[in-house]
Amino acid sequence: FGFIKKSYESYISKLNKKFNNEVMSNLLNKRECARKTKNFEEADRLIKEIINCGLSIEDTRDGYVLKIE
């Protein structure tokens with residue numbers, strides 16, 4: 001399982017270098033709040049901002065998955 005940890009650490013390192021964690025956290029939190037309140041127009045707008053930052057986001061039943069593009 002060492003390769004999984006190394007892969008995860010590499011992913012986080014790339015993420016930290018490329019993105020401001022505070023800004024990204026804020027976008028993701030705002031999007032989650034918009035979804036919970038069924039403000040889908042705002043949630044879609046925030047998805048576009050996230051995509052413009054070079055990430056893709058996939059909703060799952062347990063939350064979401066981010067991927068670096």
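**Entry 1: an arginine.** I checked R31 and got 3% relative accessibility, so it counts as buried, the cut-off being under 20%. Bear in mind that this is a predicted model. R31 sits in helix α2.

Entry 2: Which residues is R31 in contact with, leaving aside neighbours within four places in sequence? I found A43, L46, I47, I50, I57 and D59. Of these, L46, I47, I50 and I57 turn up again in the next entry, as members of the largest nonpolar core.

Entry 3: As background, nonpolar side chains in soluble globular proteins tend to be buried together.

**Entry 4: the fold order.** I counted three helices and two strands in the protein. Reading along the sequence, I noted α-α-α-β-β.

**Entry 5: whole-chain numbers.** How much of the protein is buried? I got 23% of its 69 residues. For the accessible surface I wrote down about 5,500 Å², with 53% of that belonging to carbon and sulfur atoms. Last, I looked at contacts with a separation of 6 or more: residues 24 or more positions apart account for 44% of them.

Notes:
Residues are numbered from 1 along each chain as its sequence is written. This is a predicted model: local features need pLDDT of at least 70, side-chain atom pairs count only at pLDDT 80 or more; totals for chains, interfaces and linings use all residues. Side-chain values use heavy atoms; hydrogens and water are left out. A nonpolar core is a set of buried Ala, Val, Leu, Ile, Met, Phe, Trp, Tyr and Cys residues joined through side-chain atoms within 4.5 Å. Buried means under 20% relative accessible area, exposed over 50%, partly exposed in between (1.4 Å probe, protein chains only). Helices (H or I, at least four residues) and strands (E, at least two) are DSSP runs, numbered from the N terminus. Contact means heavy atoms within 4.5 Å. Accessible areas come from the Shrake-Rupley method with a 1.4 Å probe; for residues, only the protein chains shown count as cover.
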